[in-house]
Amino acid sequence: MKRSLTTKTIMQVFRQHIVMSLALVFVIIAVVLLSLIPPQLLKSIIDNNLVPRNTEGLLKLALTYLGVLILIGIFDFFKGGLLTVFGQKIVNNLRKELTYKLERISTNYFSANTPGAVTSRFTNDVENVNSLFADGIISMVIDCFKIIGIVISIWMFSAKLGIVALCLVPLIYTVTRAFQKRMLAAQVKNLEQLGRVNAHISESLKNVHMIKSFSKETYMEKLYLKRLEDNFHTIERVNFYDSCYSPIIQVTRALVISLIVLLSSSQLNFLGISLGMVAASIDLISNLFSPIETLGMELQNVQKGISGVRRINDCYLEPEEPQKQSDITAEEILGENQDAGLNFEHVSFSYEAGQPILENLNLNIKNGTSVTFVGRTGVGKTTLFRLIMGLLQPTSGRILLGDIDVYEIPNSEKRRLFGYVEQQFSFIRGTVAQQISLGDESISQSQVEDVMKFVGLHDYVMNMEKGYDTEVSPNGDFSQGQKQLLAIARAIVANPSILLLDEVTANLDSVTEAQIVTVLQKAKCGRTVLSISHRMTSMLDCDTIVLLEDGQICAAGSPADILANDDWFSRQLQLEQNT
């Protein structure tokens, strides 16, 4: 099992900054030791100066007392500063490691988790880890050392008082532990609910036009309010535990101080200590409860941090894609002596165990042919495309491009092999040129301009304010048809040998569709073309039709053969023509 990502990151930060780490340790030790000096000085001032009314050396002791307090403040300041610096470095490294992890993680993870849940790993959970380090664990360690030092100091004043202090520590620990368990459960639930709230916001923004078109604002609002209410009740529990803890500690401290005064009174004189020792003991007891009370305030940060650590580590332990064969190149696969056809060998796939999407597919697609996959919605056509591009790994079997398993091909080589055109064009933040190149340095500006001329958008772009350097707005710069042309340009700019078309004309009017089809006819030249379509008439212009039903290939052949032998296809074609 891998070591916790948080532990690994913290150790890495400390190793990279040895001097700062040693400075932090020194400052922590200094704060702990210096905090034990003021009660000793207070005892000396009262017993040696105030009670006997002796002013000799009083000014020196008072200045020493003040100086120690100032030193404690200075070291405390540096401690806080160093913890903040280390916390930010840990947060930065954690986010980098999570980014690297997401690059290697299986695609199934993103199918099983909402965008809000994934985003919360980078935001809420990482910030909670920062709180755990800066305001939690280190501060708790310091407070624990303070408690140990205070108990020793009290014992030096009076063994009886030391016994009282020793009895208090396990009592306070028991109360603290009880609150800790309940707060941890509430914090874990809180983070899960925050993920659902974030996912709802993302979903609502993504589908805002649909929501308004169907007047579902009230429904979405009620759903959102329900999730907010659930989260509110969870936060209420967290706040309840947090608000109860401090008063309990304060009342206990007041009772203990009252008991010390009573046992030290002239009537009982049970402890047998001087007035200076009483004052110093009260100061020490107050100091004893101060770190314990602080532990309660730090407890919430610790619980948030622990729940964040668990969720981050769960993500870190997610299965990764197997190591790709880094020595495989697109040139080798597409070499003259290579048969770059696609071969499906007993391919099966399921997102969840026991729920197969595709079963035992066997198919041979020759290089340079066009194949259309047909089937009812949800039969697994898009999943099949993701398998072909090596984005998903078959549950069993394999898909070969030539004699290379497509899943073994490095992602850096896939763009020169596969060009994928989806139904919706996904914009990135950047210029028009970056929408096509996606930041690929191997794609030149001239390639971008050539492919835009190919799809017929060059003149349109040149009329924009800064041409290809114009920053793109997803909603205002391009029409739906132009977005599909952009998708085609993005897919073919690297000149891939295989073109995958996923219902690219599904949402277009007939005039725009005709324009897209014209461009696609040119793009198909010299390529293997795989397409998904629900329009029967568009399927007749391909070499092979593959019918999928219940996750299996129920028929495959030329359009004429399928039309003659498959009743379902012929009925659908007739229905479409009649319509």
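In which strand does His346 lie? In this predicted model, His346 is found in strand β1, which spans residues 342-352. The backbone at His346 adopts a positive phi of about 50°, although the residue is not a glycine. Most residues other than glycine have a negative phi. A second residue of this kind is Ser215, a non-glycine whose phi is likewise positive, at about 50°. Ser215 is placed in the loop between α8 and α9 (217-264). With a relative accessible area of 55%, above the 50% cut-off, Ser215 is classed as exposed.

The protein as a whole contains 21 helices and 10 strands. Of its 579 residues, 46% are buried. Contacts between residues at least 6 apart in sequence were also examined, and 76% of these join residues at least 24 apart. Strand β4 (residues 396-401) includes Leu401. The relative accessibility of Leu401 is 0%, so this residue counts as buried. Leu401 and Asn367 are 34 residues apart along the chain, and their C-alpha atoms are separated by 9.5 Å.

Attention was next given to the open space in the model. Rolling a probe the size of a water molecule over the atoms shows where empty space is left. The largest pocket holds about 2000 Å³ of space. Elements that give two or more residues to the lining of this pocket are the helices α4 (58-104), α5 (108-112), α7 (159-206), α8 (208-213), α12 (381-388), α13 (411-414) and α17 (480-492), together with strand β6 (418-421). Helix α17 supplies the largest share of the lining, namely five residues. The lining comprises 49 residues in total, and those nearest the centre of the pocket are Tyr420, Glu422, Gln424, Ser426 and Arg490. Divided by class, the lining has 20 nonpolar, 17 polar and 12 charged residues.

Aromatic side chains were then considered. The count of aromatic pairs comes to nine. In one of them, the ring centres of Phe77 and Phe78 are 5.5 Å apart and the ring planes meet at 70°; an angle over 60 degrees counts as edge-to-face, so this pair is assigned to that class. The two partners fall into separate accessibility classes: Phe77 is exposed, at a relative accessible area of 61%, whereas Phe78 is partly exposed, at 46%. The rings of Phe425 and Phe427 likewise form an edge-to-face pair, because their planes lie at 85°, with the centres 4.9 Å apart. Phe425 and Phe427 are both buried. These two residues also belong to a cluster, in which ring pairs link Phe425, Phe427, Tyr460 and Phe478.

An aromatic ring also takes part in an arrangement with a charged group. The ring of Phe454 has the charged end of Lys522 sitting over it, at 4.7 Å from the ring centre.

Definitions and conventions: Residues numbered from 1 in each chain as written. Predicted model: local features only at pLDDT ≥ 70, side-chain atom pairs only at ≥ 80, totals over all residues. Heavy atoms only, no water. 1 Å grid on protein atoms, 1.4 Å probe; cavity = no way out; pocket = protein on both sides within 12 Å on 5 of 7 lines; lining within 4 Å. Points joined across faces, edges and corners; volume = space filled by probe spheres on them. Helix = DSSP H or I, 4+ residues; strand = E, 2+ residues; numbered from the N terminus. Nonpolar A, V, L, I, M, F, W, Y, C, P; charged D, E, K, R; others polar. Phe/Tyr/Trp six-rings, centres within 6.5 Å; stacked < 30°, edge-to-face > 60°. Buried < 20%, exposed > 50% of the residue type's maximum accessible area, 1.4 Å probe, protein only. Lys NZ or Arg CZ within 6 Å of the ring centre and 35° of its normal. Contact = heavy atoms within 4.5 Å.
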